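The entries follow in the order I made them.

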Amino acid sequence: HFYVAIMAGGIGSRFWPYSRTDYPKQFLDILNTGKTLLQWTYERFAQFVPKENIYVVTHQHYEHKVKEQLTELPAANVVCEPSRKNTAPCVAYISYKIRQQDPEANIVCAPADHLIIDGPAFTASCLNALLFVQKHSALVTLGIKPTRPDTGYGYIQYETQQVADNVYPVKTFTEKPNLELAKTFLQSGDFLWNAGIFVWNVKTILAAFKKYLPEIDELFEQGRNDLNTDKERELIDSIYPQCTNISIDYGIMEKADNVYVIPANFGWSDLGTWASAYENLEKDYLGNAVQGKNVVVIDATKCMVKAPHEKLVVLQGLDEFIVIDTNDVLLICRKENEQQIKEYVAEVKRNK
Ligand code: GDD
Ligand code: MG
């Protein structure tokens with residue numbers, strides 16, 4: 001009864017210009033490893049879950065990319081959404097779909113675009129969670145020890161007393177706090193980051209939808225008999241426009257009272273930005289992470305360079321810069337300003 005739903009419909013705008021609406025980061029090999037983040041994610045799960053039980057939920061625009069990158073995955077396991085509604089509708093859809101075929105299913109819902117270094121430790125944490133949710137009506141999330149007051153994450157405060165092997169009840173779940181709050185959380189030492197990897201029994205998550213997002217639940221509940229039939233497409237096309245656009249974190253995890261955390265340590269990074277990619281790349285003795293055939297770096301330190309083309313790229317005298325060259329866009333920006341990339345993208349789009 002073990003299943004996996006890989007959520008692969010996001011747009012990853014902070015990795016611009018490498019990541020585009022057309023090519024978000026889950027479909028890219030950000031760290032030059034020979035495989036894309038989605039391929040690594042799939043392979044991690046294929047270690048302990050049969051491939052028939054692994055689903056990828058994505059926007060229909062990316063369907064062919066998923067199929068192209070995951071050739072082993074049965075075609076029916078690529079589940080498409082007609083519009084972007086964030087992760088709550090995505091989880092409701094896949095949960096209803098899986099429940100139709102297995103009412104006892106225990107499901108890992110995971111992002112498609114993270115870096116995880118220690119595969120065996122990851123498997124162990126997931127299996128521990130799956131075994132726990134099989135027996136308890138618990139919404140389990142994997143927690144990571146925080147290292148900076150990042151405002152892009154969920155923060156989990158938990159009880160010190162475990163209820164099962166490495167499983168702790170969650171006191172509070174705060175999605176994307178402001179900087180001040182994030183600093184307080186970090187300093188207190190009582191909080192973990194939400195890795196965004198959720199584990200639950202299908203009955204438990206659907207009960208939570210009924211309670212906290214009843215408007216989404218009702219749509220799927222009414223249409224459930226059409227799932228896994230040739231009427232599914234039509235059903236989803238009519239349901240999705242009516243779904244609230246909300247993440248599972250805001251919609252359920254912040255509100256539910258049966259949330260548990262499994263602290264995990266498997267070398268995790270959500271690779272949210274170029275600087276986080278930089279942290280995970282090999283660097284020369286001056287701290288430059290350089291990817292590219294024809295790059296010359298002179299008197300530069302701590303730069304991140306990605307220039308995979310024939311064109312010769314020369315950097316001189318730059319410190320802590322990001323230089324990303326693609327076919328049609330060249331980005332040069334200070335590492336410290338990279339949170340603004342999202343804004344440049346909007347600006348560039350307006351002026352084009
Ligand atoms: N299918 C589908 N449909 N997938 C989606 C959609 C959607 O509409 N929106 C996002 N996703 C996918 C993304 O591709 C990603 O793999 C995953 O769902 C999480 O979405 P993000 O948009 O990346 O969320 P986040 O990074 O802001 O926050 C989440 O992850 C953090 C850890 O990286 C939250 O769970 C935070 O609490 C958590 O700390
Ligand atoms: Mg993310």
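I looked up the largest cavity and noted about 40 Å³ of space in it. This is a predicted model, and I read every value below with that in mind. I counted cavities of 30 Å³ or more and found that the structure holds one.

I then listed the residues that line the largest cavity: Thr41, Arg44, Phe45, Ala110, Pro111, His114, Ile116, Phe122 and Ile197. I sorted this lining by class and got six nonpolar, two polar and one charged residues. Next I asked which elements supply at least two residues of the lining of the largest cavity. They are helix H1 (37–46) and strand E4 (106–111). H1 gives the most, with three residues.

I moved on to the largest pocket and wrote down a volume of about 1400 Å³. I found 49 residues lining the largest pocket, and those closest to its centre are Arg14, Asp113, Gly152, Lys176 and Asp270. I checked which elements give two or more residues to this lining and noted E2, H3, E9, helix H9 (248–253) and helix H10 (274–279). E9 provides the largest share of the lining, four residues. By class, I divided the lining of the largest pocket into 15 nonpolar, 19 polar and 15 charged residues.

I asked where ligand 1 sits. I found ligand 1 in the largest pocket. There are 26 residues around ligand 1, and I noted Glu81, Glu175, Lys176, Asn194 and Asp249 as the ones that come nearest.

I sorted the shell around ligand 1 into nine nonpolar, ten polar and seven charged residues.

I looked for N or O atoms facing oxygen atoms of ligand 1. For Asp249, I read 2.7 Å between a side-chain N or O atom and an oxygen atom of ligand 1. For Gly154, a backbone N or O atom lies 2.9 Å from an oxygen atom of the ligand. For Asp113, I noted 3.4 Å between a polar side-chain atom and an oxygen atom of ligand 1. I ended with the area: ligand 1 has 740 Å² of accessible area on its own, and the protein covers 87% of it.

Key
Residues are numbered from 1 along each chain as its sequence is written. Chains are lettered from A and ligands numbered from 1 in the order in which they are written. This is a predicted model: local features need pLDDT of at least 70, side-chain atom pairs count only at pLDDT 80 or more; totals for chains, interfaces and linings use all residues. Side-chain values use heavy atoms; hydrogens and water are left out. A residue is near a molecule or strand if one of its heavy atoms lies within 4 Å of it. A polar contact is a pair of N or O atoms within 3.5 Å; within protein, one must be able to donate a hydrogen and the other to accept it, and residues adjacent in sequence count only if both atoms are side-chain atoms. Accessible areas come from the Shrake-Rupley method with a 1.4 Å probe; for residues, only the protein chains shown count as cover. On a 1 Å grid over the protein atoms alone, a cavity is a set of points where a 1.4 Å probe fits but cannot get out, and a pocket is an open set with protein on both sides within 12 Å along at least five of seven lines; lining residues have an atom within 4 Å of a point. A molecule sits in a cavity or pocket if more than half of its atoms lie within 2 Å of its grid points. Ala, Val, Leu, Ile, Met, Phe, Trp, Tyr, Cys and Pro count as nonpolar, Asp, Glu, Lys and Arg as charged, and the others, Gly among them, as polar. Grid points are joined across faces, edges and corners, and a volume is the space filled by probe spheres set on the points.
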